[in-house]
Amino acid sequence: MSMNALSDKNTMGGLFGHMAPVGIGLKAQHYHDVLNSLPPLSFFEVHAENHMVFGGPHRSFLEKITSQYALSIHGVGLSLGSAEGIDRNHLHRFKALVDDYNPALVSEHLAWSVSDGTYLNDLLPLPLNEESLRIVSDNVACVQDAISRPLLVENPSSYLAFEGTTIPEPEFLIRLAENTGCRLLLDVNNVYVSACNMSGEQEAKSAETGYAKALDYISQIPADLIGEIHLAGHLLKDVDGTEIRIDDHGSHVDRAVWSLYAALIRQVGARPTLIEWDTNIPPLSTLVSEAQKAQTLMQNTSERPVVDSQAHGQAVFQ
């Protein structure tokens, strides 16, 4: 299978000509503002399943915006963790979207969301063990064969531990990449949310312990596997007397997540970084401001060149 880097304007070279490439999720309420203001961003991300229908206003605006910016396509429905395998009809539509737009980045979640042909409106976790590693590896390979490029696989947010888990999450992701040649989309907010939720301690202590566990997590991920980074806000909620952090993408990036991001950039160098904000969506200017924080932090922190997400370690300069 060929995994050659792309060569047109939406390729890695086009995206990573900047030393600190940053982007935001593209929302319908911002279409006109984006085209009128052309904010200083490197790329926009769209959820694949929102654009799998040909024609219509969403496609029209996307065509206009991608004439100015690089594109990231982020899947939410491929269900990489499904023991049933990948839905071929869904994959066909996903591939058609990738072929139409030739995006700089293509990603999906380490999760499952389909059962007996029924699509569930959530990204559900799975136990991490040898059986699930085989299933996810087969599914990732299937997707990559279809789209003829490496897939970026995103780490999940976790709220409960599975008794059936026998492989730590960082090791699972590393072995998945070794098995398939995929890369990783490292969601720093998910790392922190999961670490705090799994600490088994009360809120004040869980934040401290969670931060330490999150630092340990990111230190285990090899730099050359990280093709993209996600940052987002989360919600702190009391559930029957227990503080739970919920990955709701509905607020500014938490200070602890910014700190973890800085540590990650010192470790791996600059990477394309996306601000996710999917609920309580603010004005475009707020999202651009968050992205500029990431850009400034990358410029001030990174001592390494940007790494091409498809060239496996080859530095890309302007």
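## A loop to start from

Asn102 sits in the loop that links helix 4 to strand 4; helices (H or I, at least four residues) and strands (E, at least two) are DSSP runs, numbered from the N terminus. Its phi is near 45 degrees, a positive value in a residue other than glycine. Most residues other than glycine have a negative phi.

Before going on, a word on the ground rules: this is a predicted model, in which local features need pLDDT of at least 70 and side-chain atom pairs count only at pLDDT 80 or more, while totals for chains, interfaces and linings use all residues. Residues are numbered from 1 along each chain as its sequence is written, and side-chain values use heavy atoms, with hydrogens and water left out.

## The barrel

The protein has 10 helices and 12 strands. Of these strands, 8 close into a barrel with parallel pairing, in the order 1-2-3-4-7-8-9-12; two strands pair if DSSP finds at least two bridges between them. On average, neighbouring strands of this sheet are turned by 25 degrees against each other, direction ignored. Axes here are lines fitted to C-alpha atoms, for helices over the stretch in contact, and angles run from 0 to 180 degrees between N-to-C directions.

For a look at one pair, take strand 7 (residues 152–154) and strand 8 (residues 183–187), which are joined in the parallel sense over 3 bridges. Here Val153 stands opposite Leu184 of strand 8.

## Helices against the sheet

Helix 4 (residues 88–101) lies across strand 3 (70–74) and strand 4 (105–109), and its direction is at about 175 degrees to strand 3. Helix 10 (residues 284–301) also packs on the sheet, where it touches strand 1 (22–25), strand 9 (226–232) and strand 12 (273–276). The angle between helix 10 and strand 1 is about 150 degrees.

The loop between strand 12 and helix 10 holds Asn280. This residue, too, has a positive phi, near 50 degrees, and it is exposed, with a relative accessible area of 62%. For reference, exposed means over 50% relative accessible area, buried under 20%, and partly exposed in between (1.4 Å probe, protein chains only).

## Two nonpolar cores

The largest nonpolar core has 82 residues, and those with the most contacts inside it are Leu80, Phe94, Leu231 and Tyr261. Such a core is a set of buried Ala, Val, Leu, Ile, Met, Phe, Trp, Tyr and Cys residues joined through side-chain atoms within 4.5 Å. Helix 9 (residues 255–268) gives this core its largest share, 10 residues.

Which residues does Tyr261 touch? Leaving out residues up to four places away in sequence, Tyr261 touches Val188, Ile229, Leu231, Thr273, Ala294, Leu297 and Met298; contact means heavy atoms within 4.5 Å. A second, separate core of 7 residues includes Phe43, Ala104, Leu152 and Leu274.

## The hairpin

Strand 10 (residues 235–239) and strand 11 (residues 242–246) run antiparallel and are joined by 5 bridges. Leu235 stands opposite Ile246 in strand 11. The hairpin has 2 residues between the strands, and Asp240 takes a positive phi near 55 degrees.

## The protein in totals

Buried residues make up 55% of the 318 residues. Among contacts with a separation of 6 or more, 80% come from residues 24 or more positions apart. The count of disulfides (pairs of cysteine sulfur atoms within 2.5 Å) comes to 0. Cys142 is buried at a relative accessible area of 14%, and Cys196 is buried at 4%.
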